[in-house]
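Subject: Handing over a structure

Hello,

Here is the structure I promised to pass on to you. Please have a look at it first, and then read on for what turned up in it.

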Amino acid sequence: MIKKLIRKILGTKSKAVRDTNTPVVLGPEAHGIDPRLLSNNAVRVTSSLQEAGYEAFVVGGAVRDLLLGVKPKDFDIATNATPEQVKRLFRRAFIIGKRFQIVHVMFGQDLLEVTTFRGTTSDSAPKDEHGRVLRDNTFGSQAEDAERRDFTINAMYYNPANQQVLDYHGGIEDIRAKTLRIIGVPEARYREDPVRMLRVVRFAAKLKFAIEPETGAPIKVMAPLINNVPAARVFDEMLKLLMSGHALACLQQLRKEGLHHGLLPLLDVVLEQPLGVKFVTLALDSTDSRIHAGKTVSPGFLFASLLWHQVLEKWTAYRAAGEQTIPALHLAADDVLDSQTEKLALQRKIGTDMRDIWSMQPRFERRTGKAPHKLLEHLRFRAGYDFLLLRCASGEIDAEIGDWWTAFYEGDEITREELIASARAPRDGESSGGGSGGAGGGSTGGPAKRKRGPRRGGRNRSGRGEGGDSGEGGSDAPARDGGAE
């Protein structure tokens with residue numbers, strides 16, 4: 001009676017402690033998952049494992065998406081079978097991973113990831129000086145596996161055979177409340193794997209969920225731990241973040257949580273400049289739009305856009321120090337790529353694509369003679385052209401040059417010759433596009449090109465770059481919105 005009176009006065013309620021060893025079992029009517037959203041291959045894998053006498057469930061983000069009524073892009077399977085036992089059941093199965101072994105099962109181009117239930121982290125598991133787990137192949141029960149998962153919304157198990165969802169940590173409640181909550185003590189979980197801090201940001205932005213206060217509180221203090229994660233893992237997570245379809249929201253959340261410093265440390269400088277924030281916003285909006293439309297996106301184009309104003313700043317500095325325009329641009333690109341490759345483990349192909357996109361920009365100023373036809377044949381022309389339109393749309397250079405190249409790109413041979421005839425050859429230090437005249441204004445800043453002999457093979461009859469390459473994945477239609485279309 002006294003306890004009830006105290007609770008009434010203080011307004012406190014006793015909170016029931018959840019038994020995390022026993023799941024809440026939800027049937028089809030309670031969870032509302034549409035079985036038609038499941039991959040046939042995911043059902044095939046779980047059925048094969050169950051027929052062999054093992055437990056098998058669809059798990060993680062796939063269950064979260066199913067509960068949200070969204071068709072998952074990827075399906076992960078959790079089982080009590082060991083990696084070797086899983087491998088023996090499927091013709092195309094490969095064991096991968098050092099930190100924790102998993103099995104990739106292939107059906108044509110469809111890849112499914114099968115993991116054995118993980119046990120609780122052993123104290124003897126190898127860790128670095130900051131507490132990050134380096135290797136842990138401890139297997140366990142389903143309850144232990146659920147406890148090892150990062151967020152409550154990713155710790156549910158769906159059995160296609162009986163259409164039941166097993167929920168150990170209140171994930172269904174958090175989904176309905178649109179809340180992102182980490183399992184366990186946040187500080188300890190972030191220390192085990194600092195990449196979880198990036199995942200918090202990605203899920204919060206992508207799902208438009210609120211980060212539960214205790215989950216979000218340690219992030220700003222623990223953000224430097226990201227620097228201890230292998231660069232390849234950081235790059236993979238960064239790519240997922242940028243390809244989530246909510247790239248701009250993710251970057252804004254990164255800044256809010258103080259996590260961007262080790263990823264794109266000069267992003268703050270860029271976004272403080274009016275042209276910089278407009279350029280980056282246009283690029284990310286274009287990327288998000290393409291992803292929502294089911295189109296492909298080129299990582300090279302995306303990172304070239306994000307890092308362009310760093311290149312622009314260094315390009316200006318090198319020119320001010322006396323370097324010629326083209327060599328100055330190459331030096332600026334080298335500086336930025338060297339710095340970011342070390343931090344983000346940019347793949348060589350992505351770096352090459354970025355360099356091609358940047359190095360084409362001064363060439364768009366040459367609109368007389370054979371130069372436009374030659375540039376049109378460049379393997380990455382479409383990427384460079386889409387990038388040029390971004391620069392025009394952001395106000396960095398005059399829109400007239402973008403309009404000219406759009407007309408040239410779309411036009412027939414007669415139209416192209418008329419456009420070339422109407423273009424005035426740029427004088428030294430003058431931009432034919434009426435741009436800013438600075439490093440980003442598009443002026444080549446050098447003498448007019450020497451007269452060249454006839455180009456072999458005739459003019460480009462297709463009107464497209466070789467391979468029809470697009471700045472963001474390929475399309476034959478011209479883009480007019482500042483991004484690839």
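Let me start with a salt bridge: Arg416 pairs with Glu413, and their closest N and O atoms are 3.5 Å apart. (A salt bridge here is a side-chain nitrogen of Lys or Arg within 4 Å of a carboxyl oxygen of Asp or Glu.) Both residues lie in helix α22 (residues 413-422), 3 residues apart, which is about one turn of the helix. Arg416 is buried, with a relative accessible area of 2%, while Glu413 counts as partly exposed at 28%. (Buried means under 20% relative accessible area, exposed over 50%, and partly exposed in between, with a 1.4 Å probe and protein chains only.)

Before going further, a word on what you are looking at. This is a predicted model, in which local features need pLDDT of at least 70 and side-chain atom pairs count only at pLDDT 80 or more, whereas totals for chains, interfaces and linings use all residues. Residues are numbered from 1 along each chain as its sequence is written, and side-chain values use heavy atoms, with hydrogens and water left out.

How far can you trust it? The mean pLDDT of the protein is 82, and 78% of its residues reach 70 or more; pLDDT is the predictor's confidence in each residue, from 0 to 100. Over residues 427-471 the pLDDT is below 50, although this stretch has 104 contacts in the model beyond near neighbours in sequence. (Contact means heavy atoms within 4.5 Å.) Residues 473-485 also have pLDDT under 50, and for them the model has 48 contacts beyond four places in sequence. Where pLDDT is low, the predicted coordinates should not be read in detail.

Now the overall picture. The protein has 22 helices and 10 strands; these are DSSP runs numbered from the N terminus, with helices being H or I of at least four residues and strands E of at least two. Of its 485 residues, 49% count as buried. Among contacts between residues at least 6 apart in sequence, 70% join residues at least 24 apart.

Back to the salt bridges, of which the count comes to 18. One of them joins Arg367 to Glu400, with the closest N and O atoms 3.2 Å apart. This pair links distant parts of the chain, 33 residues apart: Arg367 is in the loop between α18 (348-360) and α19 (371-376), and Glu400 is in helix α21 (residues 399-410). Arg367 is buried, with a relative accessible area of 3%, whereas Glu400 is partly exposed at 35%. In another pair, Glu396 and Arg391, the closest N and O atoms are 2.8 Å apart, and both residues are buried. There is also a network of salt bridges that links Arg118, Asp145 and Arg149.

Helix α12 (residues 231-242) deserves a look of its own. Its axis and that of helix α16 (residues 299-320) come within 12 Å and cross at roughly 90 degrees. (Axes are lines fitted to C-alpha atoms, for helices over the stretch in contact, and angles run from 0 to 180 degrees between N-to-C directions.) The two helices are therefore roughly perpendicular to each other, a label used for angles of 65 to 115 degrees, with under 35 roughly parallel, over 145 roughly antiparallel and the rest oblique.

Which residues of α12 and α16 meet? Phe235, Met238, Leu239 and Leu242 in α12 meet Pro299, Leu302, Phe303 and Leu306 in α16. By class, this contact has 8 nonpolar, no polar and no charged residues. (Ala, Val, Leu, Ile, Met, Phe, Trp, Tyr, Cys and Pro count as nonpolar, Asp, Glu, Lys and Arg as charged, and the others, Gly among them, as polar.)

α12 also packs against helix α17 (residues 325-344), at an angle of about 95 degrees and with the axes 7 Å apart. That makes α12 roughly perpendicular to α17. Here Ala231, Val234, Phe235 and Met238 in α12 meet Glu342, Lys343 and Leu344 in α17, and the residues of the contact divide into 5 nonpolar, no polar and 2 charged.

Finally, some glycines. Gly32 lies in the loop between α2 (28-31) and α3 (40-51) and is exposed, with a relative accessible area of 53%. Gly69 sits in the loop between α4 (61-67) and β3 (76-79) and is exposed at 52%. The C-alpha atoms of Gly32 and Gly69, 37 residues apart along the chain, are separated by 8.5 Å.
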